[in-house]
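I'd like to walk you through one model, so please have a look at it with me.

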Amino acid sequence: MVQAVIFDMDGTLFQTDKILEVSLEDAFNHLASLGKWEGAIPIDTFREMMGAPLPEVWETLVPNQPVELREQINDYFQERLVKNINNGKGALYPHVEDTFAHLKNSGLSIFIASNGVPQYLRAIVRYYHLNNWVTETFSIEQITSFHKSDLVKTILTKYEIEEAVVVGDRLSDIKAAKDNGLTAVGCNFDFAKPDELSQADFIINDLLELRSIL
C-alpha cells in the first residue's frame, strides 16, 4: 500500500517559468556589469537544463569562468528568485492545493524532493503555505552525491517508508523512483520532454489525475 507521495518542485508544483526569465536576466545583467558577460542571455539552454543540479547548470551557462564567479552568480540568481517569489510573481500549478488536501485526507504523507537550494524552497513553501500539507521539504544540498535518487532514499529511510510514488517532470525524478523501487508519475508540464516522460509508469497532464492513479 502506498504510504507517501514525493513531489519535485520546479515544473511540477511551482511554475518556475513565471519568474525564471526575469531572474536570469537580472543575473546576467549583473555579470555584464562585472565585465564578465557579453551577448544574449542563454534562457533556452537554461530551460533545457531545468532539473539538473545547479553547479552543473552554471558550468554549462558560463563555462569559461572560475568556480568562484559561478558560485557568486548563482547566489545572486537565487536572491532574485526569492525576491520574485515574495513579490508574488510566481505561481503554483493548477490544483496543487486540492491535490494535497485530497492526498492528506486519504492518509498519505506528502514530501518535496528538489534540486533547488534550501532558501529558494523555503520561500515557495512559506509563501504558498505548503506546510499545511507537506511533512518535510528536502533539498539536494542536504546530501553529498547531488543525485535525486539518493535524496529520495533519504526520505524513505528517515520516515521508514516502503511504498511511495514519485511525481516529477524530468528524467531525474523518474530515475529517482525507479532506483528506489517506487512508482514514477511523469508530469507533462512546461519543462517536460516526451522521451523522458516515456520512461515513467504513468503520465499526467493535470495533478488532479493523481487521484485515479492512487
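Let me begin with a question: what covers the buried residues of α6? Keep in mind as we go that this is a predicted model. The cover includes helix α4 together with strands β2 and β3. The residues being covered are Tyr 120, Leu 121, Ala 123, Ile 124 and Val 125, the buried ones of α6.

Let's stay with α4 for a moment. In general, a pair of packed helices is described by the angle between the axes and the distance between them. Here α4, residues 67-86, packs against α6, residues 118-127, at an angle of about 0°, and the axes are 9 Å apart. The two helices are therefore roughly parallel to each other. On the α4 side the contact is made by Gln 78, Leu 81, Val 82, Ile 85 and Asn 86, and on the α6 side by Gln 119, Tyr 120, Ala 123, Ile 124, Arg 126 and Tyr 127. By type, the residues of this contact are seven nonpolar, three polar and one charged.

Now to the sheet. It is open, has six strands with parallel pairing, and its order is β3-β2-β1-β4-β5-β6. At the edges sit β3, residues 134-139, and β6, residues 202-204, each pairing on one side only. From one strand to the next, the twist averages 20°.

Four bridges join β1 to β2 in parallel, with Val 5 standing opposite Ile 110 of β2. The pairing of β1 with β4 is also parallel and runs over four bridges; there, Ile 6 stands opposite Val 166 of β4. Further along, β5, residues 183-187, runs parallel to β6 and is joined to it by three bridges, and Val 185 stands opposite Phe 202 in β6.

Two helices on the sheet deserve a look. Helix α8, residues 171-179, packs there and touches β4 and β5, with its direction at about 170° to that of β5. Helix α7, residues 148-158, lies across β1, β2, β3 and β4, and runs at about 150° to β2.

Which way do the side chains of β1 point? Ala 4 and Ile 6 point one way, Val 5 and Phe 7 point the other way, and all of them are buried.

Phe 7 lies in β1 and counts as buried because its relative accessible area is 1%.

Is Gln 15 buried or exposed? Gln 15 sits in the loop between β1 and α1, and counts as buried because its relative accessibility is 15%, under the 20% cut-off. Beyond its neighbours within four places in sequence, Gln 15 is in contact with Ala 91, Leu 92, Tyr 93 and Pro 94.

Most residues other than glycine have a negative phi. His 95, in the loop between α4 and α5, has a positive phi of about 70°, and is partly exposed with a relative accessible area of 29%. Phe 146, in the loop between β3 and α7, has a positive phi too, near 60°, and is partly exposed at 32%. And that brings us back to where we began: just after α6, His 129 takes a positive phi of about 55°.

Note on methods: Residues are numbered from 1 along each chain as its sequence is written. This is a predicted model: local features need pLDDT of at least 70, side-chain atom pairs count only at pLDDT 80 or more; totals for chains, interfaces and linings use all residues. Side-chain values use heavy atoms; hydrogens and water are left out. Two strands pair if DSSP finds at least two bridges between them. Axes are lines fitted to C-alpha atoms, for helices over the stretch in contact, and angles run from 0 to 180 degrees between N-to-C directions. Contact means heavy atoms within 4.5 Å. Buried means under 20% relative accessible area, exposed over 50%, partly exposed in between (1.4 Å probe, protein chains only). Angles under 35 degrees count as roughly parallel, over 145 as roughly antiparallel, 65 to 115 as roughly perpendicular and the rest as oblique. Ala, Val, Leu, Ile, Met, Phe, Trp, Tyr, Cys and Pro count as nonpolar, Asp, Glu, Lys and Arg as charged, and the others, Gly among them, as polar.
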